[in-house]
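Student: I have the sequence and the coordinates open. Can we go through the confidence first, and then the helix packing?

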Amino acid sequence: MDSLAAAPVLAGMVSTVLFVGSYLPMLVKAFRTRDLTSYSLGNLVLANVGNAVHSVYVFSLPVGPIWFLHGFYVLGTLLMLVWHRLFVPR
């Protein structure tokens, strides 16, 4: 792979690590405190629907950093939605 073709893959790997690193503390805090009252149920539902639709595009691409990033985001937003339903009083 020449350096011109490697640059986008490297950028994808770096951005994936940065994004996961920025998102993980929120997930850990939400899990530990069980306090998800500041999260909007509507936003979490829309994020999960958006992820489902976006998956059609992502999984049509060759396997690469975008698959890991999207998979992490799908799992993260799904966890937040489930935790919201479990831990926020109705």
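**Confidence and helix packing**

Student: In which helix of the chain is confidence lowest, and in which is it highest?
Tutor: This is a predicted model, and its chain averages a pLDDT of 93, with 99% of the residues scoring at least 70. Confidence is lowest in helix H1 (residues 3–33), at a mean of 91. It is highest, at 96, in H2.

Student: Are H2 and H3 roughly parallel or roughly antiparallel to each other?
Tutor: Helix H2 spans residues 41–58 and helix H3 residues 65–87, and their axes are 9 Å apart. The packing angle is about 155°, and angles over 145 degrees count as roughly antiparallel. H2 and H3 are therefore roughly antiparallel.

Student: What is the handedness of the crossing, and which class of residue has 12 members in the contact of H2 with H3?
Tutor: H2 passes H3 in a left-handed crossing. The contact includes Leu-41, Leu-44 and Val-45 of H2 and Trp-67, Leu-78 and His-84 of H3. By class, the contact of H2 with H3 has one charged residue, seven polar and 12 nonpolar. The answers are left-handed and nonpolar.

Student: Is His-84 buried or exposed?
Tutor: His-84 lies in helix H3. Leaving aside residues up to four places away in sequence, His-84 touches Leu-36, Tyr-39, Ser-40, Leu-41 and Leu-44. Its relative accessibility is 8%, and the cut-off for this class is under 20%. His-84 therefore counts as buried.

Terms used
Residues numbered from 1 in each chain as written. Predicted model: local features only at pLDDT ≥ 70, side-chain atom pairs only at ≥ 80, totals over all residues. Heavy atoms only, no water. Axes fitted to C-alpha atoms, helices over the stretch in contact; angles between N-to-C directions. Helix = DSSP H or I, 4+ residues; strand = E, 2+ residues; numbered from the N terminus. Parallel < 35°, antiparallel > 145°, perpendicular 65-115°, else oblique. Left-handed = near helix turned anticlockwise from the far one by under 90°. Contact = heavy atoms within 4.5 Å. Nonpolar A, V, L, I, M, F, W, Y, C, P; charged D, E, K, R; others polar. pLDDT = per-residue confidence, 0-100. Buried < 20%, exposed > 50% of the residue type's maximum accessible area, 1.4 Å probe, protein only.
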